[in-house]
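Have the structure open while you read.

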Amino acid sequence: MAALMENEVFKAFSTYAAIVTLKMILMGPVTSYFRFTRGSFCNEEDVARKSDEEKKKLLMSHPDVERAQRCHRNDLENIIPFFFIGLLYALSGPNLSSALIHFRVFTASRIFHSFAYILAFPQPSRGLSYALGMFATFSMAYNLLSKVFLL
Amino acid sequence: MAALMENEVFKAFSTYAAIVTLKMILMGPVTSYFRFTRGSFCNEEDVARKSDEEKKKLLMSHPDVERAQRCHRNDLENIIPFFFIGLLYALSGPNLSSALIHFRVFTASRIFHSFAYILAFPQPSRGLSYALGMFATFSMAYNLLSKVFLL
Amino acid sequence: MAALMENEVFKAFSTYAAIVTLKMILMGPVTSYFRFTRGSFCNEEDVARKSDEEKKKLLMSHPDVERAQRCHRNDLENIIPFFFIGLLYALSGPNLSSALIHFRVFTASRIFHSFAYILAFPQPSRGLSYALGMFATFSMAYNLLSKVFLL
């Protein structure tokens with residue numbers, strides 16, 4: 001087992017996978033931040049101590065909260081496949097330099113994507129960073145399946 | 001590490017896991033396809049160059065887009081647990097033939113499920129394919145925990 | 001490969017990861033239970049045999065169904081990062097006792113969180129269990145990255 005974490009490619013995968021996973025987790029607190037600053041909750045018990053009038057207001061949706069949630073969901077839809085494909089790809093023995101290119105392109109594109117989403121950059125910046133990240137995952141999947149294929 | 005990818009069960013897992021993950025990723029472009037053909041977006045910046053009247057129209061939700069999103073979400077809710085349980089199950093040393101049955105049943109049921117969802121097949125076809133996929137995951141979890149259990 | 005499943009830490013990770021994954025999967029049937037008992041569906045084909053008037057009613061959303069879905073989504077947002085970080089952490093060779101603390105705290109906090117969400121416990125019980133689980137994941141990520149870091 002120790003052998004796995006002595007492998008350079010696996011170490012690199014662990015580092016980048018941890019970074020994008022932490023970035024994804026942070027979308028939770030970002031959403032909470034918007035909930036509190038914009039005053040927009042979705043559970044009765046979250047606004048229990050308020051008056052009835054205030055409750056009604058606080059339980060309405062707010063566009064900034066919904067935007068953060070869409071950004072989080074987009075992360076789930078893209079970072080999870082990166083982890084799945086990337087883990088198997090890292091185990092299939094690629095050379096370090098091409099593995100690093102895949103991990104770096106994906107990580108950079110997803111960090112940019114989050115800023116583009118939350119700060120509402122003009123399109124097509126968000127669309128392009130989304131496509132670039134997906135392309136990195138597809139390229140790893142192609143590499144993986146061309147080495148390992150047992151149906 | 002090379003040893004891992006020389007193991008037949010792990011190779012089979014890698015192949016089927018890559019296939020269902022790619023299928024899951026593709027729900028992103030499918031949703032985009034419905035967004036563009038049905039004219040239904042959710043971010044202001046996605047319709048920036050349109051007139052105010054058009055904007056209002058383009059920012060309304062559309063049932064086909066919502067259907068694709070529900071299908072995507074259902075994939076996340078089912079394919080992710082398959083990967084988690086399947087990876088640990090593949091590492092726990094099952095025999096190849098019973099592992100293949102699990103992977104094939106799950107993969108086939110999820111591919112059918114997507115068609116059943118997007119094309120709105122009459123029920124209970126979608127419900128049954130959902131249950132079948134879940135059953136394959138439960139069966140692997142049972143096999144895993146009966147071999148490896150350390151609380 | 002057999003070596004991996006002879007490692008105590010990896011066995012413990014497999015056990016706890018399987019438990020929280022099964023808990024996450026079960027949110028699917030919980031949502032279905034609320035759909036049927038509350039009569040709230042979202043696809044036309046799910047209510048195909050009903051009269052037009054009944055259909056309209058059955059396709060309206062219900063707060064209990066939405067609550068179960070939010071609970072499920074919160075699981076996806078937290079249990080998936082736990083699996084990613086936990087797997088890499090388990091492979092980085094921590095000692096068994098500190099690994100067990102992390103796995104147990106996370107598992108307990110997420111099981112409590114589900115009850116707190118579905119049964120609408122008064123706050124801040126749900127918020128605290130959410131934060132505790134996230135803290136366990138952050139602590140594993142810190143341990144992992146302090147041992148393995150290759151950018």
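## Where B meets C

In the contact between these two chains, 34 residues of chain B touch 37 residues of chain C, with contact meaning heavy atoms within 4.5 Å. Keep in mind that this is a predicted model, where local features need pLDDT of at least 70 and side-chain atom pairs count only at pLDDT 80 or more, while totals for chains, interfaces and linings use all residues. Residues are numbered from 1 along each chain as its sequence is written, chains are lettered from A and ligands numbered from 1 in the order in which they are written, and side-chain values use heavy atoms, with hydrogens and water left out.

Chain B and chain C bury about 3000 Å² between them, and 74% of that sits on carbon and sulfur atoms. Buried area here is the accessible area (1.4 Å probe) that two parts lose on being put together, summed over both.

## Polar links and helices on the B side

The rule picks out three salt bridges across the interface of chain B and chain C, each being a side-chain nitrogen of Lys or Arg within 4 Å of a carboxyl oxygen of Asp or Glu. For C:Asp46 and B:Arg126, the salt bridge has an N to O distance of 3.1 Å.

On the side of chain B that touches chain C, the elements giving two or more residues are α4 (63–91), α5 (96–118) and α6 (125–147) of chain B. α4(B) has the largest share, 13 residues. Helices are DSSP runs (H or I, at least four residues), numbered from the N terminus. By class, that side of chain B splits into 25 nonpolar, four polar and five charged residues; Ala, Val, Leu, Ile, Met, Phe, Trp, Tyr, Cys and Pro count as nonpolar, Asp, Glu, Lys and Arg as charged, and the others, Gly among them, as polar.

Between chain A and chain B the count is three salt bridges. Here the side chains of A:Arg126 and B:Glu45 meet in a salt bridge at 3.3 Å, N to O.
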